[in-house]
Amino acid sequence: MADVNIVDVRKKYGRTEVVHGVNVDIKDKEFVVLVGPSGCGKSTLLRMVAGLEGITDGEIRIDGRRVNELPPKQRGCAMVFQNYALYPHMKVFDNMAFSLMLAKASKSDIEQRVKRAAKALAIEDYLDRYPKELSGGQRQRVAMGRALVRDPSVFLFDEPLSNLDAKLRVDMRAELKELQRRLSRTVIYVTHDQVEAMTMADRIVVMHDGVVEQVGEPLELYDRPANTFVAGFIGSPAMNMFPATVRRTNGAPQALTDFGVALPLPQGAPALDGQRIVYGVRPEHVVPCGENDGVPVTVSLVEPLGSQTAALVRFSEDSPEMQLLSAERLTVRPDEKIWVRPALDQVHVFDGDSGVRL
């Protein structure tokens, strides 16, 4: 068992607190991704779990054992870094075997564990090469293999794919997830890429300015973001959000935006007449429609994506742009007027002051 419990953990550098009372419970064999913008505290939190950073306050437990005072090698964790951290003067075999050599494992045990890890990662043919003779993806596999031979209870990944090209990142995402499934190990994975988080995680921890904004399964965060930060961070393209005031006169409720356009609200929208809100709708839920069914907009930019069409549109010259993502191939041009409507069952309403979901 390798549950990881992060209990009211704080981190200060001098008088500056960078992690503010984080609480996260990670289950055995779970793949949890810490995601957020640069500087949000996610890598600092991971390094505190690993024992590479001290904890100012709070507690970290691994498999029920408090590890605050334990050195990294006694925590049962293995970490894979963004920059691979391979020894350039050592061949792949020796890079992977180094921690076992320090632990004075037997020669036969080292050879067996290194070859087993190399086979799992499809790098058996590279054991006699130096890191400089490998591609970026192969180096990352070696770094993963070095962690794998230690047979840890918990794998810690700190943005391990950020140095790879786009296609290789996609391939490695699938390989990492499959490897975790086969090994049945707990994984804590840090990234700033929300697509990585959505495609790999069992659960996502969204962080911002040292605070956990929301924890949940990928589609839970996508469908019901807890606040405007999560709504804007999770999803690509990002959610359209407009400051507005609720109006409930003459029938159906509406959101009167600050730029003067009235947008429909769901009948049961949890907002009072006159309340300040943020009106949110994802690009794929902005639906082109007939002239009598929607709101007129002017097309600013069209991006044909093959199976989809992305577009930027404006309600007026003074309004912010809105993103539209259609599953159909739209035959529209810049400066052309079209009509759109939000899918009412997919409209998100947030409090105008706190940004919290209503």
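Reader: Which residues line the second largest cavity?
Author: The model is a predicted one. In it, the lining is made of Phe242, Leu263, Tyr279, Val281, Val286, Val295, Phe315, Met322, Val340, Arg341 and Pro342.

Reader: What classes do they fall into, nonpolar, polar or charged?
Author: The lining of the second largest cavity has 10 nonpolar residues, 1 charged residue and no polar ones.

Reader: Which strand gives the most to that lining?
Author: S19 does, with 3 residues. Strand S14 (276–281) and strand S19 (337–342) each supply at least two residues.

Reader: How much space lies in there?
Author: The second largest cavity holds about 60 Å³.

Reader: How many cavities of 30 Å³ or more are there?
Author: The count is 2.

Reader: What lines the largest cavity?
Author: Its lining is Met144, Leu148, Phe155, Phe157, Leu176, Leu179, Gln180, Leu183, Arg185 and Val187. Helix H4 (136–148), strand S7 (154–158) and helix H5 (166–183) are the elements that give two or more residues.

Reader: Which element gives the most there?
Author: H5, with 4 residues.

Reader: And by class, what is in the lining of the largest cavity?
Author: There are 8 nonpolar residues, 1 polar and 1 charged.

Reader: Back to H4 and H5. At what angle do they pack?
Author: The angle is about 20°, and the axes are 12 Å apart. H4 and H5 are therefore roughly parallel, because angles under 35 degrees count that way.

Reader: Is that crossing left-handed or right-handed?
Author: The crossing of H4 and H5 is right-handed.

Reader: Which residues of H4 and H5 meet?
Author: From H4, they are Gly137, Gln140, Arg141, Met144 and Leu148. From H5, they are Leu168, Met172, Glu175, Leu176, Leu179 and Leu183. The residues of this contact divide into 7 nonpolar, 2 polar and 2 charged.

Reader: So where do Met144 and Leu176 turn up?
Author: Met144 and Leu176 are among the residues that line the largest cavity. They are also among the residues where H4 meets H5.

Reader: New topic, pockets. What volume has the largest pocket?
Author: About 630 Å³.

Reader: How many residues line the largest pocket, and which lie nearest its centre?
Author: There are 21 lining residues. Cys77, Ala78, Met79, Ser99 and Arg150 lie nearest the centre.

Reader: Which elements give two or more residues to it?
Author: Strand S6 (77–80), helix H2 (92–102) and H4 do. H2 gives the most, with 4 residues.

Reader: What about the second largest pocket, how much space lies in it?
Author: About 170 Å³. Its lining is Arg113, Arg116, Ala117, Ala120, Leu148, Val149, Asp151, Phe155, Leu183 and Arg185.

Reader: You named H2 and H3. At what angle do their axes cross?
Author: At roughly 130°, and the axes come within 10 Å. That makes H2 oblique to H3. Their crossing is right-handed.

Reader: Which residues make the contact of H2 and H3?
Author: H2 brings Phe93, Met96, Ala97, Leu100 and Met101. H3 brings Ile110, Glu111, Arg113, Val114, Ala117 and Ala118. Of these, 9 are nonpolar, none polar and 2 charged.

Reader: Now the backbone. Is the peptide bond from Ser236 to Pro237 cis or trans?
Author: The bond is cis, with omega near 0°.

Reader: And where is Pro237 found?
Author: Pro237 is in the loop between helix H8 (228–233) and strand S11 (240–247).

Reader: Last one. Is phi of Ala85 positive or negative?
Author: Phi of Ala85 is positive, near 55°, in a residue other than glycine. Ala85 is found in the loop between S6 and H2.

Note on methods:
Residues are numbered from 1 along each chain as its sequence is written. This is a predicted model: local features need pLDDT of at least 70, side-chain atom pairs count only at pLDDT 80 or more; totals for chains, interfaces and linings use all residues. Side-chain values use heavy atoms; hydrogens and water are left out. On a 1 Å grid over the protein atoms alone, a cavity is a set of points where a 1.4 Å probe fits but cannot get out, and a pocket is an open set with protein on both sides within 12 Å along at least five of seven lines; lining residues have an atom within 4 Å of a point. Grid points are joined across faces, edges and corners, and a volume is the space filled by probe spheres set on the points. Ala, Val, Leu, Ile, Met, Phe, Trp, Tyr, Cys and Pro count as nonpolar, Asp, Glu, Lys and Arg as charged, and the others, Gly among them, as polar. Axes are lines fitted to C-alpha atoms, for helices over the stretch in contact, and angles run from 0 to 180 degrees between N-to-C directions. Angles under 35 degrees count as roughly parallel, over 145 as roughly antiparallel, 65 to 115 as roughly perpendicular and the rest as oblique. A crossing is left-handed if the near helix is turned anticlockwise from the far one by less than a right angle, and right-handed if clockwise. Contact means heavy atoms within 4.5 Å.
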